[in-house]
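Please read it with the structure open beside you.

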Protein chains: 2
Amino acid sequence: MDATEFRKRGKEMVDYIADYIETIHKRPVYPDVEPGYLRCLIPESAPQEPESFEDVFKDIERIIMPGVTHWNSPYFFAYFPVAHSFPALLADILSGGIGCMGFSWAASPACTELETVMLDWLGKMINLPEEFLAGRDGEGGGVIQGSASEATLVSLLAARTKTVRCFQLENPELTESDIMGRLVAYASDMAHCSVERAALIGGVKMKNIPSDDKFIARGSALQKALDEDKAAGLIPFFFCATLGTTACCSFDKLLELGPICNKENLWLHIDAAYAGSSFICPEFRYLLNGVEYANSFNFNPHKWLLINFDCSAMWVKKRSDLIGAFKLDPLYLQHNHQESGLITDYRHWQIPLGRRFRSLKMWFVLRMYGVKGLQEHIRQHVKLSHEFEQLVLQDERFEICSEVILGLVCFRLKGSNELNEEFLKNINDTKKIHLVPCQLREKFVLRFAICSRTVESNHVQLAWQLITKLATELLKAWEPKQCQ
Amino acid sequence: MDATEFRKRGKEMVDYIADYIETIHKRPVYPDVEPGYLRCLIPESAPQEPESFEDVFKDIERIIMPGVTHWNSPYFFAYFPVAHSFPALLADILSGGIGCMGFSWAASPACTELETVMLDWLGKMINLPEEFLAGRDGEGGGVIQGSASEATLVSLLAARTKTVRCFQLENPELTESDIMGRLVAYASDMAHCSVERAALIGGVKMKNIPSDDKFIARGSALQKALDEDKAAGLIPFFFCATLGTTACCSFDKLLELGPICNKENLWLHIDAAYAGSSFICPEFRYLLNGVEYANSFNFNPHKWLLINFDCSAMWVKKRSDLIGAFKLDPLYLQHNHQESGLITDYRHWQIPLGRRFRSLKMWFVLRMYGVKGLQEHIRQHVKLSHEFEQLVLQDERFEICSEVILGLVCFRLKGSNELNEEFLKNINDTKKIHLVPCQLREKFVLRFAICSRTVESNHVQLAWQLITKLATELLKAWEPKQCQ
């Protein structure tokens with residue numbers, strides 16, 4: 001395919017995407033396929049001779065779309081939102097077209113420098129303390145990671161390196177593995193599984209801090225764990241606080257936890273993957289209070305800030321801590337400006353070496369929506385979740401299972417877990433709306449997350465009608481069953 | 001921006017990219033900017049009110065392009081190629097437009113299933129042993145990672161988990177950290193720095209196997225290291241072989257190393273990041289002989305197979321080894337089909353949780369080029385590197401520094417490292433072509449890598465004319481300097 005054909009086909013594809021988004025509400029949100037469906041529709045091996053664009057294009061509706069879960073449908077209420085906006089799509093076309101690598105400043109200066117400045121913009125939007133910004137000569141700064149999991153891992157590894165070096169200085173008789181064997185990382189029992197996974201990867205112990213009855217990690221619980229573990233000869237080194245847990249969007253008490261981390265010399269990482277986007281609204285910024293105690297902070301604009309995946313924003317107060325954990329400099333990656341102090345080689349900040357020009361989509365979205373446009377998007381979602389919460393509260397067959405603060409409502413039918421499991425299955429089997437569950441203590445709970453950029457009150461109302469209709473049917477069928 | 005405006009702007013962006021690629025040879029390949037250039041051109045913070053597309057669009061040429069290193073210019077001969085093709089760009093528009101997440105089968109079945117089938121297609125194209133393919137009921141299979149660094153890390157972690165479990169079974173008195181402290185990973189001293197980094201992240205020792213005079217790791221050197229380390233009480237567990245080293249595209253002797261790894265119970269991972277794409281040509285497939293000894297194999301279609309970044313293909317013989325190293329299953333990520341055995345949850349195969357629909361670009365490229373079209377692309381590059389090699393050989397002021405097998409030529413002026421460092425600087429300062437150096441033993445060497453999809457003989461000839469002209473000037477200036 002040459003540039004001439006690309007002009008034609010690219011425009012067809014743009015129209016296809018515009019059509020897809022404009023009519024997405026008409027598709028069943030969840031696909032009606034069984035595992036292995038696709039292999040039957042596709043040849044056993046790649047063609048020897050080139051096929052035409054038309055041949056490939058017509059297979060999109062035949063082979064791909066029947067198996068797609070439509071995350072951007074206004075009837076998608078599962079997991080958390082995945083960001084999707086037209087300015088981000090435009091920027092991604094540009095990024096792919098340029099197709100440069102940004103692993104060092106020299107590999108493509110614009111790619112590195114736009115990222116640094118965009119992370120400063122975004123940091124200012126959520127009123128991050130100055131120390132986290134790169135500015136012209138700051139010691140901190142931001143970076144785009146692929147996912148919150150990577151941000152957690154990178155911060156845990158930086159903390160591990162720092163602690164091991166520190167202990168070896170004070171105790172030169174200890175080997176690295178002696179120290180590693182005594183390190184302990186902590187997170188709330190409500191933290192995302194990626195925290196446990198980061199500890200697994202880093203080869204260190206991980207302990208859960210029991211959260212309180214509102215699913216919030218508190219200072220007293222952390223202090224208790226630290227005291228016990230230190231008495232047992234262990235070395236606490238890392239705490240990951242969650243702002244907006246995946247299960248129920250609860251917020252760890254940073255103002256209690258932060259001072260303890262600082263006093264006890266623990267690296268404090270904050271994972272605000274979903275909730276972080278809301279901090280651009282002054283009325284939600286209080287949820288970030290205590291960030292000043294943190295070493296690193298992360299949230300995912302690719303969840304709720306209309307910047308398509310992948311775009312996970314991470315900031316550190318001391319970039320030297322990250323770089324120190326990873327820096328390896330073979331000659332083929334060195335360049336003239338390396339030691340100038342003015343520049344950033346982002347390969348030292350992340351797990352992979354290669355990196356796309358992802359800051360372009362941040363630049364496009366922040367400019368074409370403006371801060372106000374993005375605030376409006378957040379507020380619309382929060383308004384809709386409260387609308388749904390009110391509907392639930394007005395129906396006495398249901399209960400709300402955790403405080404609704406942002407765009408997530410955790411609810412269930414009053415009754416057993418089995419009842420609610422069947423209820424969720426019935427809801428999802430309609431393929432009209434899509435939800436996923438969570439576990440809150442012993443309870444099986446349904447999560448209703450406001451997700452799509454285009455979701456409105458009528459979609460929430462339709463979802464609620466469906467939910468109550470299915471509840472009535474289920475309870476009718478269930479009651480006699482219980483009496484048998 | 002609504003769908004109507006997206007239709008208009010998307011088409012403008014498609015035209016902009018087509019224009020960019022059609023005229024890229026007219027731009028200076030390397031940018032003429034100093035560190036910090038971009039911050040001066042951009043406001044201190046994000047705008048409150050939305051800006052128009054026109055405002056953003058005109059800033060692309062004003063702010064971004066002056067700082068871009070044009071990796072897809074036919075005058076770019078640095079690093080290794082980064083893949084770029086129109087079918088891949090079209091697929092990426094589609095992928096962004098759908099905007100689904102593929103962390104589990106249920107999260108979007110098409111996303112997972114197309115990936116599994118595409119990795120089977122690609123595996124067959126390079127004639128990988130059947131054990132690495134998923135098929136309908138295989139124990140192996142492929143996955144798209146973001147980068148070769150991640151593939152190396154994932155395989156090292158799987159090997160670490162497997163070895164620790166094995167040793168703990170046999171020696172229940174040993175703690176995990178006792179064993180971790182004795183584990184040793186190995187790679188050639190020519191291996192990419194990401195291997196050392198993977199060991200650093202995984203918290204295990206890493207030793208370099210000295211390569212021979214052709215920069216090749218040999219069985220005898222590995223065996224010697226293993227014998228010494230085992231005698232010292234260490235536990236060798238992982239070897240990363242490189243096919244096509246970054247510095248000079250040398251190939252470790254798999255047929256010697258593989259049997260040793262199998263005998264000594266080392267996980268053998270093969271990193272063929274650049275060279276792997278060439279194995280689709282029967283005449284280069286011999287370079288992969290010995291892959292049958294490996295546990296995992298990886299190469300980057302995003303380097304040389306016209307599938308835009310990121311698309312790093314990785315296969316394992318036993319998927320249970322990977323999954324066993326990472327699997328954590330909270331309720332909000334579980335789904336009905338989880339235990340069916342028919343399906344794949346790729347989140348257990350990788351570091352991040354989220355994943356884009358990257359197999360679409362593999363599907364588009366493999367179909368629209370066909371195997372033959374891709375073979376032609378590889379052969380064109382190898383032909384051009386031999387053309388350049390001949391030019392170098394015919395000029396007695398130069399020497400070739402390692403065998404030219406694929407698309408990379410390592411060469412230098414006969415003389416000191418200082419001379420060659422100045423030479424490279426002079427070449428790159430013209431910004432007409434762009435090269436990076438490498439270190440081969442004590443020698444500072446220039447790498448001439450055939451990179452762009454559109455590079456032809458005339459670009460190579462023009463590059464050589466520039467190189468010889470600068471050599472003449474430098475040698476003239478240098479000789480009197482040497483006599484002073």
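1. Throughout this note, a residue is called buried if its relative accessible area is under 20%, exposed if over 50%, and partly exposed in between, with a 1.4 Å probe and protein chains only. Helices (H or I, at least four residues) and strands (E, at least two) are DSSP runs, numbered from the N terminus. The model is predicted, and local features need pLDDT of at least 70, side-chain atom pairs count only at pLDDT 80 or more, while totals for chains, interfaces and linings use all residues. Residues are numbered from 1 along each chain as its sequence is written, chains are lettered from A and ligands numbered from 1 in the order in which they are written, and side-chain values use heavy atoms, with hydrogens and water left out.

2. I would begin with strand β5 of chain B, residues 267-271, which is largely enclosed by the rest of the structure because 5 of its 5 residues are buried. B:Trp267, B:His269 and B:Asp271 point one way from this strand, whereas B:Leu268 and B:Ile270 point the other way.

3. Which strands pair with β5(B), if two strands are said to pair when DSSP finds at least two bridges between them? Strand β4 of chain B, residues 235-242, runs parallel to β5(B) and is joined to it by 5 bridges, and B:Thr242 stands opposite B:Asp271. Strand β6 of chain B also pairs with β5(B) in the parallel sense, over 3 bridges, and here B:His269 stands opposite B:Ser296.

4. Strand β6(B), residues 296-299, carries B:Ser296 and B:Asn298 pointing one way and B:Phe297 and B:Phe299 pointing the other, and all of these are buried. With strand β7 of chain B, residues 312-316, β6(B) pairs in the antiparallel sense over 4 bridges, and the bridge partner of B:Phe299 in β7(B) is B:Ala313.

5. B:Tyr186 belongs to another strand of chain B, β2, residues 183-188, and counts as buried because its relative accessibility is 0%. The C-alpha atoms of B:Tyr186 and B:Arg27, which are 159 residues apart along the chain, are separated by 43 Å.

6. In chain A, helix α7, residues 193-202, is mostly covered, with 8 of its 10 residues buried; among them are A:Cys193, A:Val195, A:Arg197 and A:Ile201. The helix is followed by A:Gly203, whose phi is positive, near 70°.

7. A:Glu473 is partly exposed at 41% relative accessible area, and A:Lys469 is partly exposed at 48%. In helix α1 of chain B, B:Lys8 and B:Glu12 are likewise 4 residues apart, about one turn of the helix, and the closest N and O atoms of their salt bridge are 3.2 Å apart. An α-helix has 3.6 residues a turn, so residues three or four places apart point the same way.

8. Chain A also contains a network of salt bridges that links A:Glu5, A:Lys8, A:Arg9, A:Glu12 and A:Glu54.

9. Finally, B:Glu173 lies in the loop between α5 (148-170) and α6 (176-180) of chain B, where it is exposed, with a relative accessible area of 59%.

Definitions and conventions: Pairing = 2+ DSSP bridges. Salt bridge = Lys/Arg side-chain N within 4 Å of Asp/Glu carboxyl O.
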